[in-house]
Amino acid sequence: MTEPVVAETYVLFELAGTAYAVPSNMVQQVQMVEQITPVPNAVPVVEGVVYTRGRVIPALNLRVRFGFEKIPFDMRSRLIVVNVAGRTVGLLADTAREFVRIPASSIEPPPEGISGLSGKYLQGIASVKGRLVLVLRLVEVIDIGDMDALVTEPQQTD
Amino acid sequence: MSNQNSDNTEDFREQFLEDYYAECEEHLVLVRRHVLAIEAQIGAGSIDVGLLDELFRSFHTIKGISGMVGFTEVEQLAHSIESMLRSLRQAELTFNVELLDGLLAGVALMERVLGARQTGQSIPSIDATIRQLHDLSTSAPPQSGMAAPLHVGSRPTTSVRRWTVTFTPTTGLSERGINVNSIRDRLKDMGEILKATPLVKGQGEISFQFVVESIVNLVAIEDWQELGVVVLPADEGATDVVRPALPASPSNLVRVDLARLDELMRMIGEMVTSRARLEEQIKHAKRSLPSSEWRSLRETTQVMSRQLRDLREGVMRVRMVQIGEVFERMQFVVRDLARESGKRIILNVSGRETEIDKFLVERMMDPLLHLVRNAVSHGLERPDERVAQGKPAEGRLTLRAMTIGESVVIEIADDGRGIDIETVLDRAAERQLLEADAEIDNARLLDLICQPGLSTRLEADRESGRGVGMDVVKKTVETLSGTLSLTTERNQGTTFRIDLPLTLAIAEALIVSAGGETYAVPQTVVREVLEVEPSSVRALERNEIISYRDGVLPLLRLSRVFNLSGPAALPDRPFHVFVTGAGSSAVGIAVERVLGHREIVVRGIGDQLVQVPGIAGATDLGDERVVLILDVPALRKTTLQKSAGGMPAAGATP
């Protein structure tokens with residue numbers, strides 16, 4: 001039982017009642033949602049831009065990204081600033097709760113039944129303190145290429 | 001009338017005071033530089049007389065100009081220091097560490113008085129320091145070996161020496177019967193006049209210079225100044241006074257208001273736009289011109305384009321100053337802190353000549369001071385602690401500056417105890433900023449120590465000084481589009497690194513509102529702002545036009561282009577239109593209101609997700625909220641494409 005456990009720390013956040021995890025080494029900071037400046041004609045998933053550490057970065061609304069209904073931001077809303085693939089992007093979540101250590105061995109691959117977009121950005125599923133946690137593949141989450149197709153298609157029928 | 005008059009006087013005095021503070025600051029910069037050089041020479045046993053002369057001159061000027069503005073405290077301090085320096089120059093005193101401390105105390109107090117004057121705070125008392133300086137000037141030089149008395153130069157005081165005596169007559173003096181003849185007579189009594197030459201200075205001012213050989217120490221005679229006479233030693237100095245290669249004295253510098261440079265930049269920006277227009281017109285002229293003429297025209301505009309770029313760079317260069325001035329100030333801080341805390345510190349400075357935008361330097365001063373204070377107060381250990389750890393008793397503090405590509409890097413490094421990560425983590429856990437046994441790296445650690453109020457031992461600093469904490473340091477760096485990073489290792493030390501852009505893109509901008517949002521519009525592209533009555537807008541197919549000068553102007557409603565659903569302006573309320581482009585390519589961009597006009601710092605928008613047509617960048621107006629900068633040429637193009645063929649624009653018909 002004393003054999004070393006390979007574990008990484010994750011930041012847990014919540015979205016529409018489900019817990020998600022992103023590797024904490026990719027998280028630059030977690031902050032309250034304050035001033036978001038909307039960017040005209042940007043894709044809907046882009047809520048706007050914010051300042052962080054003197055840089056102007058996009059804030060992505062994860063609810064829009066994952067196909068949930070938008071809700072207004074409140075005191076619990078959090079902006080999770082992540083550094084992925086050379087980019088710095090803010091992710092808007094309902095709330096971000098804690099840092100947790102998840103042993104690699106306890107992350108199960110996503111069930112094959114999940115396909116399409118959800119399958120693509122899901123790295124695995126873990127159980128933390130009896131709760132189900134979806135571990136995200138951040139590179140896929142912030143790659144909005146697939147979303148582009150989704151949003152521009154209906155407009156072309158205009 | 002009299003009221004207005006006194007307003008003018010007040011204005012004049014304000015203006016004058018501004019110059020006064022700037023001039024004092026310039027002299028204090030020189031003073032710091034010279035004092036540091038002297039301090040270095042105290043160890044070497046002999047002090048360069050030239051440095052004393054320079055110091056004397058600076059304090060003499062400060063005394064003079066302080067008298068003019070009626071700041072008696074500064075005047076008195078300068079006078080006391082001047083007296084002390086005079087005694088030193090006359091070798092009546094020897095320069096030792098106590099005198100140096102007295103001098104530094106005087107300078108520090110002078111800075112505080114000036115600061116208090118400038119900010120309208122209560123003036124600190126100068127009595128104690130004046131007494132200290134007076135005691136130092138009059139006491140016999142300590143001959144005990146402990147203070148290692150130093151001799152100024154190597155100057156025999158009993159032999160015959162040469163002096164240069166310069167007399168400048170004024171009407172005031174001649175009323176008191178003092179003229180060139182009376183001075184000559186006095187000098188004759190004291191020694192032999194070898195040479196007398198009249199000197200004509202600018203503006204018709206005449207003075208007389210005598211070279212006098214005398215066994216009397218002429219400088220020691222106190223009333224010279226009242227007689228309009230300046231005496232300087234002219235002898236042996238020529239061979240054994242080594243003048244250090246000092247940077248130019250203030251007289252070679254021109255003070256320029258940054259706003260004027262920005263104005264120049266704006267004009268250059270306008271020229272760039274005009275040149276682009278010219279190129280466009282030349283393109284159109286291709287058909288109607290012989291090809292050789294057309295080619296030479298085009299070549300000329302290309303040369304002009306290059307010249308404009310050089311001009312722009314030239315103006316940018318004027319904004320750059322060497323960081324050495326900042327580092328010198330730090331040396332003083334370190335010196336004071338070392339003395340107060342009983343720590344021994346060797347300060348290494350490199351990259352003084354690194355150039356950085358003046359705007360940045362001024363804003364970085366307090367953060368740098370804070371980091372240096374921190375390094376000394378919290379980073380470096382006391383000598384006994386260091387020795388116990390097998391480290392040299394002297395702590396090492398390094399200030400480094402360098403230019404890397406388009407950024408300036410400033411590092412503040414100490415070889416002290418390193419940041420106490422456990423304590424920081426405990427505090428963070430207490431405040432529930434992270435879980436108790438979380439992993440932590442340098443970036444996260446930096447975030448934590450920059451949380452307001454989290455710093456472990458910074459409270460004392462807040463009291464002692466300028467009220468800047470790590471949170472402010474970080475925020476300042478970030479506001480200037482820079483980054484702050486940290487490396488720290490237990491008992492090895494801590495290094496803070498600041499990366500700043502070489503220069504900031506600063507632009508004049510109109511601030512406008514449209515659809516409930518605020519935008520910035522670079523002023524260089526705005527030709528005119530109009531107030532338009534809704535009733536004067538004419539619809540033409542899908543376009544809107546207004547009459548403008550002798551033609552019509554296509555209108556682009558920003559809220560429509562940007563699909564802004566915010567509260568629309570009342571339909572019958574007049575709105576603002578800014579005109580951009582000239583002739584047939586002019587377009588009016590309609591907003592709700594032009595709110596004002598200000599200088600903004602332009603930041604790029606890096607991420608592909610937010611690079612949208614019509615937006616050129618971002619800025620903030622000081623409230624942390626991002627304000628987008630309009631890409632006006634792009635907006636204009638969309639309008640023109642949309643309306644192409646639809647209708648004749650203003651001035652399109654010849």
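**Reading an interface, helices and charged pairs**

Guide: Across the interface of chain A and chain B, five residue pairs are in polar contact, both residues being at pLDDT 80 or more. A polar contact is a pair of N or O atoms within 3.5 Å; within protein, one must be able to donate a hydrogen and the other to accept it, and residues adjacent in sequence count only if both atoms are side-chain atoms. The elements that give two or more residues to the side of chain A that touches chain B are β3 (27-32), β4 (46-52), β5 (55-61), β7 (87-93) and β8 (95-103) of chain A. β4(A) gives the most to that side, with five residues. Helices (H or I, at least four residues) and strands (E, at least two) are DSSP runs, numbered from the N terminus.

Visitor: What should I know about the model and its numbering?

Guide: This is a predicted model, in which local features need pLDDT of at least 70 and side-chain atom pairs count only at pLDDT 80 or more, while totals for chains, interfaces and linings use all residues. Residues are numbered from 1 along each chain as its sequence is written, chains are lettered from A and ligands numbered from 1 in the order in which they are written, and side-chain values use heavy atoms, with hydrogens and water left out.

Visitor: How many residues of chain A are in contact with chain B?

Guide: Contact means heavy atoms within 4.5 Å. By that rule, 30 residues of chain A are in contact with 32 residues of chain B.

Visitor: What area do chain A and chain B bury between them?

Guide: The size of an interface is often given as the accessible area lost when the parts come together. Here the buried area (the accessible area, with a 1.4 Å probe, that two parts lose on being put together, summed over both) is about 2,500 Å², 56% of it on carbon and sulfur atoms. A:Y51, A:R53 and A:F99 supply 27% of the area that chain A buries against chain B, more than any other three residues.

Visitor: How do I read a salt bridge?

Guide: Side chains of opposite charge can pair when their charged atoms come close. The rule asks for a side-chain nitrogen of Lys or Arg within 4 Å of a carboxyl oxygen of Asp or Glu. Between chain A and chain B the count is one: B:D607 pairs with A:R87, with the closest N and O atoms 2.8 Å apart. Over all chains, the whole structure has 36 salt bridges.

Visitor: Which residue forms a salt bridge with B:E111?

Guide: The partner is B:R32, with the closest N and O atoms 2.4 Å apart. B:E111 lies in helix α4 (residues 97-119) of chain B and B:R32 in helix α1 (residues 2-42) of chain B, so the pair ties together parts that are 79 residues apart in sequence. B:R32 is buried, at 3% relative accessibility, while B:E111 is partly exposed, at 30%. Buried means under 20% relative accessible area, exposed over 50%, and partly exposed in between (1.4 Å probe, protein chains only).

Visitor: Is helix α12 of chain B mostly covered or exposed?

Guide: α12(B) is mostly covered, with 17 of its 22 residues buried. This helix (residues 358-379) reaches 29 Å from its first C-alpha to its last, close to the 32 Å expected at 1.5 Å a residue. The expected span is 1.5 Å times one less than the number of residues.

Visitor: Where does α12(B) have a kink?

Guide: A kink of about 40° lies at B:M364, shortly before the proline B:P367. The bend at a residue is the angle between axes fitted to the seven residues ending there and the seven starting there.
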